[in-house]
Every structure is written in C-alpha cells, then in structure tokens.
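Open the model in your viewer and have your selection tool ready. We will take the stops one by one.

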Amino acid sequence: MFVGTNRIKIKKGYGNELEELFRSRGEVAREPGFVDFELWRQEGDSEHEEYLVVSRWESEEHHNQWLRSDSFKQAHSGPPTDYIMGHGEFSSYQIRLAYQAEK
C-alpha cells in the first residue's frame, strides 16, 4: 500500500475553512486504487495551525494516475486561499507493517 502525506500550514483561526475545503472535495474517493483519506490537525499552541493530509492508495501508480487526472486538476483549481502559508510538504511512504485491534 502507498501512502501520500501533505503537511499544510495555515494562518491561525482558519482551520474550519480548510476542513470545509477538503470536505467539499471528495471526488478522490471515486478514483481507481483509492483506499482512504484522513485530514489530521496537529494539537498545540503555535503561531499557525498545521494539518496533515493523508491518503492511502493500492499502489504508487494509482496515486500517480490521480495526480494526472481531471479530478485532481479540478480539486486544485480555483482562486488561491490566502490563509494557506506557502506550499505543502509532500512525503510518500510504503506501508511495511500494520496491526489492527483484535476483536
């Protein structure tokens, strides 16, 4: 499984706007190879707010196909938001080991 993350810093007080932005852009869920998506908010008292966008894919190739898709272009179009500070920091991972709660 392939995991892509994007660390985003935003101006303090704009968390709800960022969350709503991602809530309104769920088209990625229809992409081939998509597994799931999470938006994590970092706890703490900083001069800015920080979020981590986490998406899981069946493979890196599925993720790359999404990056080239019309869905991706549409989700990342429109006027820029003035509360996002700079560019996000993208990282990618291959899951090597995972555990789940025993039932």
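This tour of a predicted model goes through its nonpolar cores and then its salt bridges.

**The cores**

Start by selecting Ile8, Ile10, Leu18, Leu21, Tyr51, Val53 and Tyr83: these seven residues form the largest nonpolar core. Colour β1 (2–11), α1 (15–23) and β3 (48–57) next, as these are the elements that each supply two or more of its residues. Now centre on Leu21. Beyond its neighbours within four places in sequence, Leu21 is in contact with Thr81 and Tyr83.

A separate core of five residues lies apart from this one; select Phe2, Val28, Trp57 and Trp66, which are among its members.

**The salt bridges**

How many salt bridges does a search of the whole structure find? There are six, and we will visit some of them.

Show the side chains of Arg7 and Glu50, whose closest N and O atoms are 2.9 Å apart in a salt bridge. This pair joins strand β1 to strand β3, across 43 residues. Arg7 is partly exposed at 32% relative accessibility, while Glu50 is buried at 11%.

Move on to Glu38 and Arg56, which meet in a salt bridge at 3.4 Å, N to O. Glu38 sits in strand β2 (residues 34–41) and Arg56 in strand β3, 18 residues apart. Here Glu38 is partly exposed, at 30%, and Arg56 is buried, at 18%.

Finish with Arg68 and Glu61, bridged at 3.0 Å, N to O. Arg68 is exposed, with 51% relative accessible area, and Glu61 is partly exposed, at 40%.

Note on methods
Residues are numbered from 1 along each chain as its sequence is written. This is a predicted model: local features need pLDDT of at least 70, side-chain atom pairs count only at pLDDT 80 or more; totals for chains, interfaces and linings use all residues. Side-chain values use heavy atoms; hydrogens and water are left out. A nonpolar core is a set of buried Ala, Val, Leu, Ile, Met, Phe, Trp, Tyr and Cys residues joined through side-chain atoms within 4.5 Å. Buried means under 20% relative accessible area, exposed over 50%, partly exposed in between (1.4 Å probe, protein chains only). Helices (H or I, at least four residues) and strands (E, at least two) are DSSP runs, numbered from the N terminus. Contact means heavy atoms within 4.5 Å. A salt bridge is a side-chain nitrogen of Lys or Arg within 4 Å of a carboxyl oxygen of Asp or Glu.
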